[in-house]
Amino acid sequence: MAGSFLAYSTLALLLFVASSSAQLSTTFYFKSCPKLLSTVKSSVQSAISKERRMGASLLRLHFHDCFVNGCDGSILLDDTTSFTGEKTALPNRNSARGFDVIDDIKSAVEKVCPGVVSCADILTIATRDSVAALGGPSWDVKLGRRDARTASLSAANNNIPPPTSSLSNLVSKFSAQGLSAKEMVALSGAHTIGQARCTTFRARIYNESNIDRSFATSRRSNCPRTSGSGDNNLGPLDLQTPTGFDNNYYKNLVNKKGLLHSDQVLFNGGSSDSQVRSYSTNPSSFNVDFVAAMIKMGNIKPLTGSRGEIRKNCRRIN
């Protein structure tokens with residue numbers, strides 16, 4: 001009996017330790033890399049001072065990373081002759097950017113604490129710093145992720161919601177990652193910064209009726225109707241403040257000025273209308289919900305403990 005109890009106690013302790021090791025922590029690098037946060041922040045601010053759009057690009061990288069087998073830095077891996085990564089997946093090809101900035105941040109971090117900090121964590125911190133640098137909220141980032149040794153082109157193609165998504169498809173894609181419909185609407189507010197390619201919004205500005213007429217006309221000037229013509233021309237996701245993190249995105253939706261189909265479906269007579277309207281008049285409510293959703297998204301299936309690795313170069317496995 002005593003032996004059974006001891007065995008049970010030992011098992012319980014092991015399970016507790018295992019579950020504890022899987023928890024991310026805001027203090028993970030306090031001792032092993034005390035200069036981490038200041039180093040990343042300085043690098044992000046430098047990159048954004050050169051190109052303010054970069055903040056949105058880093059945020060998008062984090063989102064596209066987390067939605068593919070968790071926040072594990074897999075999106076950063078380059079293709080090789082024997083390895084196909086996620087960079088050429090439809091949601092990333094010709095649009096995912098900021099890889100050079102992550103390389104620069106990694107190099108800076110390696111100088112102050114070599115071999116300690118994962119690329120996945122660097123991307124997560126850089127995302128928080130990007131939002132804050134563009135006028136948005138800040139938050140304490142939970143850390144302790146390790147880097148994947150694999151990537152998935154098929155998961156990138158299937159898991160990341162396309163700009164043609166319906167509301168039900170968005171809810172489904174986010175639910176598959178453990179995120180609620182409310183969190184989906186809050187995270188969509190990331191489109192208050194950044195640019196989109198003509199090919200992603202052409203059908204909306206020429207074919208859809210739930211769009212402000214003058215807004216559609218202005219967008220057509222830089223996005224010809226003919227497919228293949230001007231496909232990579234850019235349009236701001238938020239026409240008012242494309243490099244300022246605020247709640248204008250939701251104001252635009254209320255006024256039928258969402259650039260992407262997947263934006264405007266959030267305010268189109270459906271279940272998310274009231275939340276969009278609330279955020280459009282209450283920026284502090286949006287900020288609070290956005291932060292909570294970002295922290296939860298950053299905790300999607302992280303590799304911790306002995307799983308994965310700490311990459312020396314974010315573009316390739318060790």
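Me: How many nonpolar, polar and charged residues does the lining of the largest cavity have?
Reply: In this predicted model, the largest cavity holds about 90 Å³ of space, and its lining includes Leu-24, His-62, Thr-124 and Trp-139. Asp-140, Lys-142 and Arg-145 are also among the lining residues. Sorted by class, the lining of the largest cavity comes to 5 nonpolar, 4 polar and 3 charged residues.

Me: Is Asp-121 buried or exposed?
Reply: Asp-121 is found in helix 5, and its relative accessibility is 0%. Because buried means under 20% relative accessible area, that value of 0% makes Asp-121 buried.

Me: Which side chain does a polar contact of 2.7 Å join to that of Asp-121?
Reply: Leaving aside neighbours within four places in sequence, Asp-121 is in contact with Tyr-29, Leu-143, Gly-144 and Arg-145. The side chain joined to that of Asp-121 by the polar contact of 2.7 Å belongs to Arg-145.

Me: Which helices do the buried residues of helix 4 pack against?
Reply: Helix 4, which covers residues 99-112, reaches 21 Å from its first C-alpha to its last, close to the 20 Å expected. Its buried residues include Phe-99, Ile-102, Ile-105 and Val-109, as well as Asp-103, Lys-106 and Glu-110. The buried residues of helix 4 pack against helix 2 (36-50), helix 3 (54-66) and helix 5 (119-133).

Me: What is the volume of the second largest cavity?
Reply: The structure holds 2 cavities of 30 Å³ or more. Among the residues that line the second largest cavity are Phe-215, Pro-236 and Lys-257, and its volume is about 30 Å³.

Conventions:
Residues numbered from 1 in each chain as written. Predicted model: local features only at pLDDT ≥ 70, side-chain atom pairs only at ≥ 80, totals over all residues. Heavy atoms only, no water. Helix = DSSP H or I, 4+ residues; strand = E, 2+ residues; numbered from the N terminus. Expected span 1.5 Å × (residues − 1). Buried < 20%, exposed > 50% of the residue type's maximum accessible area, 1.4 Å probe, protein only. Contact = heavy atoms within 4.5 Å. Polar contact = N/O pair within 3.5 Å; in protein donor to acceptor, adjacent residues only side chain to side chain. 1 Å grid on protein atoms, 1.4 Å probe; cavity = no way out; pocket = protein on both sides within 12 Å on 5 of 7 lines; lining within 4 Å. Points joined across faces, edges and corners; volume = space filled by probe spheres on them. Nonpolar A, V, L, I, M, F, W, Y, C, P; charged D, E, K, R; others polar.
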